[in-house]
Amino acid sequence: YTMNLAQSTRMVLEELGLTSRDPTPTKKPLPWRQSLGLNRREEDVRPVFWKNRHKSYIARTQDWDEFPNGRWGDSRSPAFGELDAYGIGLKGSNEQNIKLWGKPQSLRDISNIFVRFLNDNLGSLPWSEWPVTEEAGAIRSELIDLNQRGLLTITSQPSVNGVKSSHPIHGWGPHGGYVYQKAYLELLISPSLIAELIDRIDQNPNITFYSVNKDGDLRTNAPSDGPNAVTWGVFPGKEIVQPTIVETISFLAWKDEAFRLGSDWANCHPAGSASRELIEGIMNNWYLINIGRLIQPLERRCIC
């Protein structure tokens, strides 16, 4: 018995351990994992914010009648789904999450949790469904340095300047193409540091940012609310493909989810405990900021 969709059949076989152990990676049509839903077969554009939360993005967009194909449209309509839907909140019981992430008593303890994740000593974070990816290996040392300095990194990607689409880590799309991506970084930052960081960003015209706190205080130097590609590819006989973007409305939708996940983590700990008050303080007062940088040949591949 086989299913109609080859991808569904392959996934079942992989889960059963019946597929080949050939180390050659499976070719990726896009830089993110596609949904198996019949109505999403033509989808080829997504915001980068849900890069590590595939299931949540699917849940929050499941009621859309159409999905972006070729370009990102107006995400005001339809709206992203509510945060109470199944599959969006923090996974695991309170006991499981405390066992996984411990009982942090200080910002240093929080930073160490992120560093352990980057060193492959933790399988997940509240903002990531899976372990750190191979892609992050190119900028691992820079990410660790940022977290040790109290800048808590959630999502990142190194700059990629025209590598072949067959590249084992960064490659995606049809054979014979070339792929590109901006250096991109998303992190949580203390309100005491946000003004200085924005001042530094404003000194470089090649860097764009969006920052927001839990209350919705949005700041950006982006020229418009429209989409801005952070990943794209050039392939024979095709228009330029731009499968990963940033833009204002989806960032604000992600903001609600990101701070909700942090609050869920805080609520794993008893009311009045040092761990709960520490994490709640970060969620209530810190800023979420994403930073993108244009490709600069011969430069470092991380924003730091």
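1. Is Asp120 buried, partly exposed or exposed? Asp120 is partly exposed, with a relative accessible area of 47%, where buried means under 20% relative accessible area, exposed means over 50% and partly exposed lies in between, using a 1.4 Å probe and protein chains only. Asp120 is found in the loop between α4 (107-118) and α5 (140-148), and has a positive phi of about 65° although it is not a glycine. This deserves a remark because most residues other than glycine have a negative phi.

2. Before going further, please keep in mind that this is a predicted model, in which local features need pLDDT of at least 70 and side-chain atom pairs count only at pLDDT 80 or more, while totals for chains, interfaces and linings use all residues. Residues are numbered from 1 along each chain as its sequence is written, and side-chain values use heavy atoms, with hydrogens and water left out.

3. On confidence, pLDDT is the predictor's confidence in each residue, from 0 to 100; the mean for the protein chain is 89, and 87% of its residues reach 70 or more. Over residues 20-26, however, pLDDT stays under 50, and the model has 1 contact beyond four places in sequence for them, a contact being heavy atoms within 4.5 Å. Where pLDDT is low, the predicted coordinates should not be read in detail.

4. As for the overall make-up, the protein chain has 8 helices and 10 strands, which are DSSP runs numbered from the N terminus (helices are H or I with at least four residues, strands are E with at least two). Of the 304 residues in the protein chain, 47% are buried. Among contacts between residues at least 6 apart in sequence, 65% join residues at least 24 apart.

5. Strand β2 (residues 152-157) runs antiparallel to β5 and is joined to it by 5 bridges, with Thr155 standing opposite Glu186. Strand β10 (residues 287-293) is also antiparallel to β5, through 7 bridges, and there Tyr287 is the bridge partner of Ile189.

6. An open sheet of 5 strands has the order β1-β9-β8-β4-β3, with mixed pairing. Its edge strands, β1 (46-47) and β3 (160-164), each pair on one side only. For β3, strand β4 (residues 178-181) is an antiparallel partner over 4 bridges, and Lys164 stands opposite Tyr178 in β4.

7. The largest nonpolar core has 65 residues, of which Trp127, Leu188, Trp254 and Leu288 touch the most other members; such a core is a set of buried Ala, Val, Leu, Ile, Met, Phe, Trp, Tyr and Cys residues joined through side-chain atoms within 4.5 Å. Helix α7 (residues 248-266) gives the most to this core, with 8 residues. Leaving aside neighbours within four places in sequence, Trp254 has contacts that include Phe49, Trp50, Trp127 and Leu288. A second, separate core of 7 residues includes Leu30, Trp32, Phe235 and Val241.

8. The aromatic pairs number 15, if rings of Phe, Tyr and Trp (its six-membered ring) are paired when their centres lie within 6.5 Å, with planes under 30 degrees apart counted as stacked, over 60 as edge-to-face and the rest as tilted. Phe49 and Trp50 form an edge-to-face pair, 6.3 Å centre to centre with 65° between the planes. The rings of Trp50 and Tyr57 have centres 5.3 Å apart and planes at 55°, so this pair is tilted. Phe49 is buried, with a relative accessible area of 2%, and Trp50 is buried at 4%. Ring pairs link a cluster whose members include Phe49, Trp50, Tyr57 and Trp254.

9. Finally, Ser224 lies in the loop between β7 (219-220) and β8 (228-234) and is partly exposed, with a relative accessible area of 41%. Not counting residues up to four places away in sequence, Ser224 touches Tyr210 and Thr248. Ser224 and Thr248 are 24 residues apart in sequence and 8.6 Å apart in space, C-alpha to C-alpha.

Note on methods
Two strands pair if DSSP finds at least two bridges between them.
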